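Reader: I would like to learn how to read the strands and the core of a structure. Please show it to me first.

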Amino acid sequence: MKIFLLTDCPSPYQVEVLNQIARDKDLTLQVAYLRRKDPARLWSTRLISHEFVTLDDGIGQLATARRLASEADLAVFNYYLHPHAESLIWDRAVLKRPWCFWGERPGLRKPEWAGRLVRFWKLRWLHSSAAPIWGIGRYAVDRYRIEFGKSRKYFNLPYFSDLERFNTAKTSQPPATSEPIFLFSGSLIHRKGVDLLAKAFVRLLREGYGARLKIIGDGELRSSLERTLHPVRPFVEFIGFVNWEDLPSHYAASHVLCVPSRYDGWGLVVPEGLASGLPVIATDRMGAALEFIESGKNGWLIPADDEEAVFNAMRQAVSLSAPERAGLGRCAQESVSGHSLQQGAVRFKQYSSETVANWQA
């Protein structure tokens, strides 16, 4: 089966799963990246071992993508907010040959009606067809079913990554200390809720609890975070940007992962933390958190944009005994034990086959 996939840019995470899919000898995967790099991301380059074109490399690349999309048995569109994406979706829809949309959970940004209006226009060919939708997580599937109706097929295909490299608990342990170490890993921006985490951490220490905070990442809130955390600065470590291949050692040296995002379509950091054996504090506006987190079992699922909820979860975490925290950590690893890169490739192939076999123009 020949599959064409359109997506945004070659992040290390996406490249590794597409490389895995391309290893299947029953598939020919051809990928069109809309741009070579996201200037807001400092990711290191990952070796791409699948066939690809990059559309911002020149006008001829769009013509190549059009040809690949028209010749494929299945076209998968993982992006729509770009003129080239709209054009390629339109081309494929006109052909009335198998295609699908693969997207994160809609309705996360506020106001929701504005996002819905944009999707109604940008994805008008999806609205007017019976093309299947692959939701990135079951809550994405639920939201798309509400917005696009029940008269089409829906599949749950979340993002997958190599979680085995985060399973470091067997060979590495966090430092022996009576003070739990909270870890944040992500961009230092408003959407990630790191400002809420900083305020909650200051309050935690002011109320007499012992803890430390490690912050991985960089972004526009760095200066304001330093000001907020100044009263407890000896207990805070700003690590800065860390290449994705170096993240596992930082997870292994921590006790609890904090992901207080105001919204995130998926949030790969959640399964990474769970795979590392860390209980995770995450919000109910994150696809991965809704998929995996069970409060009291492997972490805390809290309301988004709620500083009090962040503080209460951190207070519960810091009050745990070492054996209790270890028990949550074991459950954390178990909760993502089936979420492997290989399983992701298997599901991609399965859903591709079903989409083509059951296609209705």
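Reader: In which sense do strand 1 and strand 2 pair, and over how many bridges?

Author: Strands of a sheet pair through backbone hydrogen bonds, either parallel or antiparallel. Here strand 1 and strand 2 pair in the parallel sense, over six bridges. Two strands count as paired if DSSP finds at least two bridges between them. Strands (E, at least two residues) and helices (H or I, at least four) are DSSP runs, numbered from the N terminus. L6 stands opposite A32 in strand 2.

This is a predicted model: local features need pLDDT of at least 70, side-chain atom pairs count only at pLDDT 80 or more, and totals for chains, interfaces and linings use all residues. Residues are numbered from 1 along each chain as its sequence is written, and side-chain values use heavy atoms, with hydrogens and water left out.

Reader: What unit do strand 1, helix 1 and strand 2 make?

Author: A crossover is right-handed if, with the strands pointing away from the viewer, the path from the first strand over the helix to the second runs clockwise. Strand 1, helix 1 and strand 2 make a right-handed β-α-β unit.

Reader: Is strand 2 mostly covered or uncovered?

Author: Buried means under 20% relative accessible area, exposed over 50%, and partly exposed in between (1.4 Å probe, protein chains only). Five of the six residues of strand 2 are buried. Strand 2 also runs parallel to strand 3, joined by four bridges, and Q30 stands opposite E51 in strand 3.

Reader: In what order do the strands of the sheet stand?

Author: Seven strands form an open sheet in the order 3-2-1-4-5-6-7, with parallel pairing. Strand 3 (51-54) and strand 7 (154-156) are at the edges with a single partner strand each, so one side of each has no neighbour in the sheet.

Reader: Where does W102 stand?

Author: W102 stands opposite W134 in strand 6. Strand 5 (residues 99-103) and strand 6 (residues 133-135) run parallel and are joined by three bridges. Contact means heavy atoms within 4.5 Å. Leaving aside neighbours within four places in sequence, W102 is in contact with residues including L5, V76, W134 and F348.

Reader: Which residues touch the most other members of the largest nonpolar core?

Author: A nonpolar core is a set of buried Ala, Val, Leu, Ile, Met, Phe, Trp, Tyr and Cys residues joined through side-chain atoms within 4.5 Å. The largest has 51 residues, of which W102, W134 and V270 touch the most other members. Helix 1 (residues 12-22) gives the most to this core, with five residues. Another core, of 34 residues, lies apart from it, with L204 and M314 among them.
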